[in-house]
Amino acid sequence: MLSGVRVWVPLAATLFRTSCLGGCNRMRSPQFRGFSWSPRLISRWNTRDSIDLPNEDNPRILITGGLGQLGVGLAEILRKQYGKENVILSDIKKPPPEVYQCGPFVYADVLDYKNLRELVVNYRITWLVHYSALLSVVGEANVALARKINITGLHNVLDLALESCLRLFVPSTIGAFGPTSPRDPAPDLCVQRPRTIYGVSKVHGELMGEYLHHKYGLDFRCLRYPGVISANTQPGGGTTDYAVQIFHDALSTGHHECYLRADTRLPMMHIGDCHRATVEFMQAPECQLSLRTYNIAAMSFTPEEVATEIRKHVPHLKVTYNPDPVRQTIADSWPVRFDDSNARRDWGWKSMYGLEELVSDMLSSIHDKRTSAGLPVS
Ligand code: AKB
């Protein structure tokens, strides 16, 4: 009997994990934080609740750090697909009134495991998108806080995802590479020795997630984002932020002072592509994924190249360069281009915005926003 169990459990575990069903392997779940699951208990629980449980086709999604650059926009897209009530946005900040009007918003502190666990249980969450993090520049300014949020917070989320068998998405970044990585292009698998706490925490996240996937079947998914460019939301303290600010400056004062050298080339992406990549990747069947962490690419440009493209619409734009040593050093250590061939091959990733489309979309969105707010347009 016992030897039967010894043979069956690992065999069933392997079959389950390599099947296309997705989900984590509870039979081999570790006893994190004192919780453990017996297969019989789980199957009874699943049967009893199966009628109204969120399922693979109808997930219930929690987004942490939801009031940053990406959360509200991603929630909007997911709510269109899965229903307003099935996407719960969360943050430690108080949201503006319009966020409450769009769907559920809850307080969630990623450093408070019990608070997170209560939300996952009460809302019967099945997917978790973990956006809470301090970015590269603010991280360097407050290393202790970055370590807490980006590493301790991530551990809470990983434990919870494992315990509750969640599909977990954690973004990584071009910042997960360093000066000794291949830079043009950076492949998915190569040397990663970042020199920022942000980058170190992201490499840690990639490795922890992949480890828990291979050991326990955690459905961990991670995309390395380039610098993300958005008109309606502000990035929060990164090295690539200039590429958003330059559009606002072009239409307000007509002058942008750039903290990077004119020839600093970095991978960038329109927020629309970033959201679409995230949703498509989350929806991809597990059997299509040969990796758990993928680069995604759209375009690479320098400040001078984006300024030249903006001048086709705003000819009087003036850019002066005053490189800031901290941000310039970070940018110089990052890849200039991403190789995203694995994402293209495995789950069909393809960007839609090039530099030309990005610039005209950003300028028209910011133009409309300024006009409807009664602000002058330069
Ligand atoms: C940053 O600049 O820190 C972020 C990123 C590239 O991850 N935008």
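What follows is a briefing on the ligand site and the cavities.

The model is predicted.

**Around the ligand**

- The residues around the ligand are L135, S136, T173, I174, Y198, G238, T239, T240 and W334.
- This shell holds four nonpolar and five polar residues, and no charged ones.

- T173 places a polar side-chain atom 2.7 Å from an oxygen atom of the ligand.
- Y198 also has a polar side-chain atom by a ligand oxygen, at 2.6 Å.
- T239 uses its backbone instead: a backbone N or O atom lies 2.7 Å from an oxygen atom of the ligand.

**Cavities**

- Rolling a probe the size of a water molecule over the atoms shows where empty space is left.
- The count comes to three cavities of 30 Å³ or more.
- The largest cavity contains about 90 Å³ of space.
- Its lining is made up of 13 residues, and N150, L154, V170, S201 and K202 lie nearest the centre of the cavity.
- By type, the lining of the largest cavity divides into five nonpolar, six polar and two charged residues.

**Helices in the lining of the largest cavity**

- Both α7 (143-164) and α8 (197-216) supply at least two residues of this lining.
- Which element gives the most to the lining of the largest cavity? That is α8, with four residues.

How values were computed. Residues numbered from 1 in each chain as written. Predicted model: local features only at pLDDT ≥ 70, side-chain atom pairs only at ≥ 80, totals over all residues. Heavy atoms only, no water. Near = heavy atom within 4 Å. Polar contact = N/O pair within 3.5 Å; in protein donor to acceptor, adjacent residues only side chain to side chain. Nonpolar A, V, L, I, M, F, W, Y, C, P; charged D, E, K, R; others polar. 1 Å grid on protein atoms, 1.4 Å probe; cavity = no way out; pocket = protein on both sides within 12 Å on 5 of 7 lines; lining within 4 Å. Points joined across faces, edges and corners; volume = space filled by probe spheres on them.
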